[in-house]
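Subject: Structure handover

Hello,

Here is the structure I promised to pass on. Please open it and keep it in view while you read the notes below.

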Amino acid sequence: MTKRQVDKPVTAREQDIQAVSRTAQILGLFGPETPELSVAEATRRLGLNRTTVHRYFSSMIGSGLLERVEDSALVRPGRSILQLGSFMLGQQRIMQKAPAYMRELVLEIKVSTVLSLWGTSGPVVSLVEEAEHPTLVTVRVGSQLALDSSQAKVFLAFLPDQFHADRLTGSLPEPQRTETRRRIEAIQQAGMSSHVNHRGICVVAAPVFAATGICATIAAVGTERMLPEALDSREATALKAACKRLTKEMGGTWPEAAD
């Protein structure tokens, strides 16, 4: 006969994991059939203590994950959740709509095009449309681009939260930080970025906007013999036109200063 194991104290890590799990469970209760929720209903469906559910509701309201419904005891998803949902829908839409524009652009300018989405700390390559050319220049999907890359600078130039952009560029060493900020200011005026790296690869990048702001960047990539660096070149003009058309379809607005 074995002795019954004595319960061990719950560690801080285990408490954190439990809190995240329960928060996810509460958010998972919402849906088309349940746009609003009460403490009593959440208690019944989750099988938790009413006091525990009330405590989670209060904490989630304070953090913006939930908000109170006016003149009632009900709650609904808060602004933070709605912003995240809008962001994810925007990413899905751009991933669905961009390939046609990128294929058309590749046929016109004869170099590869690359679409990047903003990740946790910079652009991540999400779509690549390769050109049929004897010399193929491409980028691997999933690549995290550096903050001093052309696409990163375009994102930083048009991020709605410019304080966040300043914090990110502030992490760069000098003189790279000063040069990156100078280039960002130029991009805000021109609406685009171009750069030829030490390997002779030219990248010309432009933003795509949705209703909530910049949602992606599209870049043309080729050798400097295949792709001119000048922002008034035929290739750069075609890229900008494609991004403006895609912006319109995404419900976004191209900044006047960058027009």
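A contact here means heavy atoms within 4.5 Å. Keep in mind that this is a predicted model.

Start with Thr-34. Leaving out residues up to four places away in sequence, Thr-34 touches Leu-29 and Arg-45. Look for Thr-34 in the loop between helix H1 (12–27) and helix H2 (39–46). Buried means under 20% relative accessible area. Thr-34 has 16%, so this residue counts as buried.

Now the aromatic rings. Searching the whole structure gives 3 aromatic pairs.

One of them is Trp-118 with Phe-155. Their ring centres are 5.2 Å apart and the planes sit at 55 degrees, so this pair is tilted. Trp-118 belongs to strand E3 (residues 112–118). Phe-155 belongs to helix H5 (residues 150–158). Trp-118 and Phe-155 are both buried.

Another pair is Phe-209 with Trp-254. Here the ring centres are 5.7 Å apart and the planes are at 80 degrees, so the pair is edge-to-face. Phe-209 is in strand E6 (residues 201–210), while Trp-254 is in the segment after helix H8 (234–249). This pair therefore ties together parts that are 45 residues apart in sequence. Phe-209 and Trp-254 are each buried.

Best wishes

Note on methods: Residues numbered from 1 in each chain as written. Predicted model: local features only at pLDDT ≥ 70, side-chain atom pairs only at ≥ 80, totals over all residues. Heavy atoms only, no water. Phe/Tyr/Trp six-rings, centres within 6.5 Å; stacked < 30°, edge-to-face > 60°. Helix = DSSP H or I, 4+ residues; strand = E, 2+ residues; numbered from the N terminus. Buried < 20%, exposed > 50% of the residue type's maximum accessible area, 1.4 Å probe, protein only.
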